[in-house]
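Here's a quick walk through a protein and its ligand.

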Amino acid sequence: MTNARLIAPSILSADFGNLQRDIEMINNSEADWIHVDVMDGVFVPNISFGFPVTEVAFKHATKPLDVHLMIVEPDKYLKRFKDAGAASITVHVEACPHLNRTVQAIKELGCKAGVALNPHTPVAMIEDIIKYVDLILIMSVNPGFGGQHFIDNTYKKIADLKKLADLYNPNVYIEVDGGVDATNINKLMAAGANVFVAGSSVFGAPSASDMISTLKHT
Ligand code: DX5
Ligand code: ZN
């Protein structure tokens with residue numbers, strides 16, 4: 001497990017009329033990855049964006065795109081997201097009946113492979129896949145929208161996951177997504193997380209770039 005703390009601002013909360021500007025802000029900030037939230041209106045009750053916006057983000061980004069697919073049947077679209085610029089592709093365990101196959105397909109494309117868990121899904125669900133993946137994403141809100149209230153059970157869940165990671169894949173990234181801000185990031189890190197997605201806390205701050213630095217160092 002790396003000791004580094006990685007910050008991944010989510011462009012779901014960016015200004016899509018000024019996406020290039022917001023991506024350049026992230027490029028010039030202390031952010032590590034750029035989190036890209038894709039929603040299909042089926043797996044989650046919201047539709048965000050797909051390939052064209054991901055391509056625009058990639059065109060301007062100097063940091064890796066961390067693509068989070070909140071969609072059913074992600075296998076159909078893995079290659080397209082790779083081609084759109086994804087460095088890592090994360091799929092939901094709840095959306096993948098053949099998760100081992102999906103993870104293999106992501107890795108064969110040359111991307112980092114991630115698996116996400118909804119708030120109600122126990123970490124035991126990934127016990128037999130964790131050794132094959134590069135990251136596990138713990139949803140700390142119900143996926144679908146930015147700006148939601150952080151679910152308190154997340155601390156316990158990350159601690160459970162850290163134990164599994166120490167057993168089976170100590171280098172796996174433990175990413176937390178939803179309601180992350182300067183008030184909870186240190187406690188999440190103490191529980192075992194090391195990648196922090198932040199949407200509204202970054203883009204809602206007076207200076208998004210300063211907030212990224214605060215999250216990185218607080
Ligand atoms: C929620 C998305 C998140 C979202 C986080 O479904 O997966 O990545 O952008 O937004 P905040 O940080 O506002 O909770
Ligand atoms: Zn996300």
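Let's start with histidine 68: one of its polar side-chain atoms lies 3.3 Å from an oxygen atom of ligand 1. Aspartate 177 and serine 200 also have polar side-chain atoms by ligand oxygens, each at 2.6 Å. Here, a polar contact is a pair of N or O atoms within 3.5 Å.

| Side chain | Distance to an oxygen atom of ligand 1 |
|---|---|
| Histidine 68 | 3.3 Å |
| Aspartate 177 | 2.6 Å |
| Serine 200 | 2.6 Å |

Taken alone, ligand 1 exposes 380 Å², and the protein buries 100% of that (Shrake-Rupley areas, 1.4 Å probe).

A word on what you're looking at: this is a predicted model, with local features needing pLDDT of at least 70 and side-chain atom pairs pLDDT 80 or more, while totals for chains, interfaces and linings use all residues. Residues are numbered from 1 along each chain as its sequence is written, chains are lettered from A and ligands numbered from 1 in the order written, and side-chain values use heavy atoms, leaving out hydrogens and water.

Now for the shell. Of the 20 residues around ligand 1 (a heavy atom within 4 Å), Asp37, Gly144, Gly147, Asp177 and Ser200 come nearest. The shell splits into eight nonpolar, 10 polar and two charged residues, with Gly counted as polar and Asp, Glu, Lys and Arg as charged. Strand β2 gives the largest share, three residues.

What about the whole protein?

Definitions and conventions: A polar contact is a pair of N or O atoms within 3.5 Å; within protein, one must be able to donate a hydrogen and the other to accept it, and residues adjacent in sequence count only if both atoms are side-chain atoms. Helices (H or I, at least four residues) and strands (E, at least two) are DSSP runs, numbered from the N terminus.
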